[in-house]
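Here are my notes for someone opening this one up for the first time. Have a look at the model, then follow the numbered points.

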Amino acid sequence: MDITEIGATAKEVRKKHKLTQSELSLSTGVGIRFISEFERGKATCHWGKVLRVLNSLGLDIALIARGK
């Protein structure tokens, strides 16, 4: 999974909760521009804000070690 997939998943869940980007922005304390860039998969998004948005949507990130 990469940032593009994470952002797309967040957007899908936001829409299922019937939230606008503006409403999510207000509830998480991050800017609308950040929400937009995150949902489009901008690679340089601030991870602290990403985690705040995901938490607000009821989403978690699980880290799984890949064997080499």
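1. Let's start with the charged pairs: there are 4 salt bridges, counting a side-chain nitrogen of Lys or Arg within 4 Å of a carboxyl oxygen of Asp or Glu. Keep in mind that this is a predicted model, where local features need pLDDT of at least 70 and side-chain atom pairs count only at pLDDT 80 or more, while totals for chains, interfaces and linings use all residues. Residues are numbered from 1 along each chain as its sequence is written, and side-chain values use heavy atoms, with hydrogens and water left out.

2. One of these bridges joins lysine 16 to glutamate 12, with 3.5 Å between the closest N and O atoms. The two are separated by about one helical turn because they sit 4 residues apart in helix α1. (Helices are DSSP runs of H or I, at least four residues, and strands are runs of E, at least two, numbered from the N terminus.) Lysine 16 is exposed, at 63% relative accessibility, whereas glutamate 12 is partly exposed at 47%. For these words, buried is under 20% relative accessible area, exposed is over 50% and partly exposed is in between, using a 1.4 Å probe and protein chains only.

3. Which residues are linked in a network of salt bridges? They are Arg33, Glu37 and Lys42. Glutamate 37 pairs with arginine 33, their closest N and O atoms being 3.0 Å apart, and both belong to helix α3 (residues 32–39), 4 residues or about one turn apart. Lysine 42 also bridges to glutamate 37, here with closest N and O atoms 3.4 Å apart.

4. Glutamate 37 counts as buried at 15%, arginine 33 is exposed at 65%, and lysine 42 is partly exposed at 35%.

5. Back in helix α1 you'll find arginine 14. Is arginine 14 buried or exposed? With a relative accessibility of 6%, arginine 14 is buried. Its side chain reaches the backbone oxygen of leucine 19 at 2.8 Å. Setting aside neighbours within four places in sequence, arginine 14 touches Leu19, Thr20, Gln21, Leu24, Glu39 and Leu57, where contact means heavy atoms within 4.5 Å.

6. Now for the empty space. Rolling a probe the size of a water molecule over the atoms shows where such space is left. The largest pocket has a volume of about 260 Å³. A pocket here is an open set of points on a 1 Å grid over the protein atoms alone, where a 1.4 Å probe fits, with protein on both sides within 12 Å along at least five of seven lines; lining residues have an atom within 4 Å of a point.

7. What lines the largest pocket? Among the lining residues are Met1, Ile6, Thr9, Leu54, Asp60 and Ile64. Helix α1 (residues 3–16) gives the largest share of that lining, 3 residues. By type, the lining divides into 9 nonpolar, 1 polar and 1 charged.

8. Last, take a look at glycine 58, in the segment after α4 (47–56). Glycine 58 is exposed, with 60% relative accessible area. The C-alpha atoms of glycine 58 and valine 13 are separated by 8.8 Å, though the two residues are 45 apart along the chain.

Note on methods
Grid points are joined across faces, edges and corners, and a volume is the space filled by probe spheres set on the points. Ala, Val, Leu, Ile, Met, Phe, Trp, Tyr, Cys and Pro count as nonpolar, Asp, Glu, Lys and Arg as charged, and the others, Gly among them, as polar. A polar contact is a pair of N or O atoms within 3.5 Å; within protein, one must be able to donate a hydrogen and the other to accept it, and residues adjacent in sequence count only if both atoms are side-chain atoms.
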